[in-house]
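I opened my notebook to look up a few features of one protein chain.

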Amino acid sequence: MLDELCISIVISSEIRRTGCLIVVFVKCWWNPLCLMEFSELQRQSSTIAHGYHGAQQSVRLRSKSVVSNQNGPQFNWGSPPSEGGEEGDSGPPKDLRERPMPMHLKRAIREVQQMRVPVVTNWQSWKRSKAKSLSRFRADAGGVMSYVALWRKALHKIGGHFGGGVQSYFMFLRFLVVLNFLSFLLIAGFILIPSIVFRSTSTTNMTVDSTGPEVCRVYDPNLQGLVVFYQYFLDLLSGTGFMEYSYVFYGYYNNTVAESSGFHYNLPLAYLLTSVFYFAFCLICIIARMGSALRVAVATGSGAAGSYSKMVFTGWDYGCQGDRATKLKQKSIHYQLQVDLEEERLQKKALSLTLGQTVGLCSLRIFLMLVSLALIGGAFFGIFNATVFSQAQVGAEGILGLFWVYLPSIVITTGNFVVPFMCDQIALFERYSPSTTIIMALFRSVFLRMISLGVLLFTLWSQITCFKGSKECEPCQYNNKDYPCWETRVGQEMYKLALFDFLITIAMLILVEFPRRLFVDHYSCALTRWVGRQEFLVPPNVLGLVYGQTVVWTGALFCPLLPLINTLKFFIIFYCKKVTLFSNCRPAVKTFRSTTSTIFFLVVLLFGWCLALVAMIYSLAQIHPSMSCGPFRSLTMMWSIVPNTFYTLSLTTQDFMFYMGSQAFSIPLFIFSCVVLCYVAALAAVYGKSVDLLKAQLKLEGRDKQFLVKQIEELSREMGVPTRDQVDTFDTGAAN
C-alpha cells in the first residue's frame with residue numbers, strides 16, 4: 001500500500017570545530033508531514049548551497065542536482081540558533097523551538113549541539129549567558145504577569161465556551177477598566193489628594209483669588225433647611241444637592257496656590273496639566289494596543305489568495321470545550337466560508353449588470369441612504385429640543401424634576417436603540433455584500449452615538465455662551481443667570497449620561513434578557529421558536545463600551561472623579577455580562593472577523609477620543625470660565641494659567657523654552673523627523689518585498705508538493721502499489 005512506502009533521508013554534517021562527523025538517519029513514512037520535512041530540508045540545503053535564487057527553483061528543475069548529490073541535504077547541526085548573527089546571517093537569531101521542523105529532528109539537533117564543545121571568547125560566552133538569563137527573566141515575568149492578570153480564569157472560561165470572538169469583547173472591557181483605573185490614580189495624585197490636604201491643613205499658606213463683578217460671583221449650591229428623605233437619593237441620581245458641591249465636580253476645587261517651607265504647588269496649573277496629560281496617556285494606550293492589533297492583522301495576511309485554505313486548516317479555535325461550543329465554531333467557519341463565496345458571487349453579478357440595472361441599483365442605494373440620514377437627523381433634532389426643554393425645567397423638584405433632568409439622556413438612549421434597528425432593516429434592501437452590510441450598519445451606529453453626544457454639547461454651549469447674542473451674557477461673558485457654574489452643569493450632564501447608560505444595562509438584564517430566557521425555555525410554541533435565545537452580538541456591545549468611554553473623556557475636565565465612576569461601572573458590567581452570557585445568551589452564528597473588528601473598534605475608540613479632545617480644547621480656549629467657582633475663576637480663559645505661570649519662571653528657563661519653540665530648533669527637528677520617516681518607509685518597503693518573495697516561495701513549495709505527489713503516484717503504478725483512491729474504493733465495496 002501507499003502508506004507503507006517510505007524514504008530514508010540521510011542527513012550528514014561535519015562539525016569543523018570539534019572534528020566530529022555526525023550522521024543522522026531519519027526514517028519517515030510517506031504522509032503530508034514527511035512531504036513537509038523533505039521540502040523543508042531541500043529548501044535549507046538549496047539555500048546554503050545556492051542562495052535564495054536556488055531556493056526559488058522547482059523540484060522538477062533541480063531533481064538532477066538532488067540525485068547527483070550523494071550526501072543528501074546538508075544542515076548545520078553544530079551551529080546553535082544564537083550564532084546565526086555571528087556567522088553573517090542578516091536575520092535575527094531564531095530559536096530552535098520556532099523552526100518548522102518535526103520534533104524528532106529538533107531532538108537530534110539538540111543532542112548534536114550538546115555534544116559539541118564550542119570555542120568561543122570570554123565576551124561571547126558572557127554575552128550568550130546574559131542573553132539566556134534575560135530571556136529566562138522575560139519568560140518568568142510574562143508568566144507572573146499572566147498569572148496576576150485581572151479576570152484571567154474568567155477570560156479563559158469564556159474563550160473555552162464561546163470562542164475567541166466573544167472573549168475579545170471581555171478583553172476590551174478589561175482594557176478599559178485598567179485604563180480608567182490608571183487615569184483615576186493620575187487624577188487623584190495631582191488633583192484630588194492635594195485639594196484634600198490643602199483644605200484640611202492649617203499650616204500651609206494659601207492664596208485664593210476671586211475677581212470679577214459681584215453679580216458674577218454669586219454661587220450657593222448648598223440646600224437650605226430641611227429636605228424630604230428621598231431627596232438625597234434624587235440628588236445622587238442627578239448630581240445636584242450635596243453631590244453638586246463636592247469633590248466629584250469642578251466647582252468644588254479652588255484656585256489655590258500653596259506655599260510651605262519652600263514647597264510651591266499651583267493647583268490650577270496642576271488641574272490643567274493633569275487633564276492634558278490624561279488625554280495624552282489614553283492616546284498612547286490606544287495607539288499601543290492598535291499597533292499590536294495591526295501586527296496580528298499583518299501577520300495573518302489580508303489577501304484573497306489562500307484565504308479558504310487558511311480558514312479551513314488554521315481557522316479552528318482549540319480553546320473550545322464541549323459539543324455545543326464545537327458545533328457553534330463549525331457553524332461560524334461555515335458562515336465565514338459562505339460569506340466569502342457570497343461576496344464573490346455578488347461581485348460577479350455586479351460585473352454582469354447592464355447600465356440600466358447599475359443606475360437603478362445606485363439610485364436605490366442613494367435613496368435608502370437619504371432615508372437613513374433623515375432618521376439620524378430626526379434623532380439629532382429630538383436631542384436638541386430635549387436638551388433645551390430640560391435646561392428650562394431645572395427648578396422642578398421631585399420625581400418629575402428627575403425625569404426632566406434625565407430627558408436628554410433618555411432621548412439619546414432611545415435614539416441609540418431605535419434608529420440603528422431601523423437602519424439595519426433598511427440595509428437589507430440595499431443589496432450590499434454581507435461584510436459591507438455589517439460595516440455600513442456599524443458606521444451608522446457609530447455616527448449616531450458620537451454625533452448625538454456632540455449635539456448635546458453644542459446645545460449646552462449655545463446656551464452657556466449666548467449663541468443668539470442675548471444681553472444676558474454681557475456682564476460675565478457667559479450666561480451667569482442660568483449657569484452660575486457652567487462647568488459643573490456640563491459635568492452633571494456627563495455624569496447623568498454615564499449613570500443612565502449603566503442603569504439601562506442593568507434594567508435590560510433584569511427586565512428583558514432573563515424573562516426572555518425563561519419564556520423561551522419553558523414555553524414551546526411558534527413564537528418562542530421564532531424568538532429563540534438572545535445572541536451575544538459583539539459589535540453592538542463594544543460600541544456601547546466606546547460610547548461610555550467617550551462620555552467619560554468628554555466630562556473628565558468637569559467631573560474629575562468620572563474615571564473612577566466609570567471603573568466601577570465597567571467592573572460591575574463585566575460580571576453582569578458574564579452572568580447573562582452563560583445564562584441567557586448564545587454566541588452569534590454570524591460572526592465578525594476578529595482582526596478586522598479589533599482594529600475597527602480601536603479606530604472608533606480613537607474617534608471618540610478626538611471628539612472629546614475637541615470639546616476640551618473649545619472649553620479651554622474659547623469659553624470664559626465661571627467667576628464664582630472652580631480653579632480658573634480669576635482668569636479670562638482656562639489656558640491663560642499656562643502663560644501666566646511661564647512668565648513667573650527664571651529668565652534662563654524662559655530663554656530655553658523660547659528656543660525650543662523657535663525656528664532654530666523646530667526646523668532641524670523637522671528635517672530629522674523627515675529623515676527618520678524616510679528610513680522607516682524604506683525599511684517597510686524592503687520588508688514588504690521580502691514578504692512578497694516569501695509568499696512566492698510558499699506558492700512554489702506548494703507546486704513542488706503537487707509535483708512530488710504526482711511522481712509518487714506514477715512510481716506506485718509502476719511498482720504495482722495500489723493508490724489511496726483504489727484502497728478507499730476497495731474498502732467501500734467490502735463494507736457494502
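**Entry 1: the model**
I noted at the start that this is a predicted model.

**Entry 2: salt bridges**
How many salt bridges does the structure hold? I found three.

I began with Lys-496, which forms a salt bridge with Glu-493. The closest N and O atoms of this pair are 3.1 Å apart. Lys-496 and Glu-493 are three residues apart in helix 14, so about one helical turn separates them. In general, an α-helix has 3.6 residues a turn, so residues three or four places apart point the same way. I also checked burial: both Lys-496 and Glu-493 are buried.

Next I looked at Lys-569, which forms a salt bridge with Asp-501, with 3.0 Å between the closest N and O atoms. Lys-569 lies in helix 17 and Asp-501 in helix 14, so this pair ties together parts that are 68 residues apart in sequence. Both Lys-569 and Asp-501 are buried.

The side chains of Asp-521 and Arg-517 also meet in a salt bridge, at 2.7 Å from N to O. These two are four residues apart in helix 14, so they too are separated by about one helical turn. Arg-517 counts as partly exposed at 25% relative accessibility.

I stayed with Asp-521 for one further distance. Asp-521 and Arg-533 are 12 residues apart in sequence, and their C-alpha atoms are 8.6 Å apart in space.

**Entry 3: the disulfide**
I found one disulfide in the structure. Which cysteines does it join? It joins Cys-485 to Cys-629, with an S to S distance of 1.9 Å. The pair links distant parts of the chain, 144 residues apart. Cys-485 is in the loop between helix 13 and helix 14, and Cys-629 is in the loop between helix 18 and helix 19. The angle about the S-S bond is 95°, and the link is right-handed.

I then checked accessibility. Cys-485 counts as buried at 5%, and Cys-629 is buried at 1%. I looked up two further cysteines: Cys-559 is buried, with a relative accessible area of 0%, whereas Cys-525 is partly exposed at 30%.

**Entry 4: helix 17**
I compared the length of helix 17 (residues 562-583) with what its residue count predicts. At 1.5 Å a residue, its 22 residues should span 32 Å. The end C-alpha atoms are 31 Å apart, which agrees. I listed its buried residues, including Leu-562, Phe-570, Ile-573, Phe-574 and Leu-581. Lys-569, from the salt bridge with Asp-501, is also one of the buried residues of helix 17.

**Entry 5: a nonpolar patch**
I found a nonpolar surface patch of about 650 Å², with Leu-150, Val-178, Phe-571 and Tyr-575 among its residues. Helix 5 and helix 17 are the elements that give two or more residues to it. Which element gives the largest share? Helix 5 does, with four residues. I checked Phe-571, which lies in helix 17 and is partly exposed, with a relative accessible area of 35%.

Last, I looked at Thr-326 in helix 9. Thr-326 and His-161 are 165 residues apart in sequence, but 8.8 Å apart in space, C-alpha to C-alpha. Thr-326 counts as partly exposed, at 24% relative accessibility.

Conventions
Residues numbered from 1 in each chain as written. Predicted model: local features only at pLDDT ≥ 70, side-chain atom pairs only at ≥ 80, totals over all residues. Heavy atoms only, no water. Expected span 1.5 Å × (residues − 1). Buried < 20%, exposed > 50% of the residue type's maximum accessible area, 1.4 Å probe, protein only. Patch = residues over 30% accessible without salt bridge, like charges linked within 9 Å, V, L, I, M, F, W, Y side chains within 5 Å. Areas by Shrake-Rupley, 256 points an atom, 1.4 Å probe, with all protein chains shown as cover. Salt bridge = Lys/Arg side-chain N within 4 Å of Asp/Glu carboxyl O. Disulfide = S-S within 2.5 Å.
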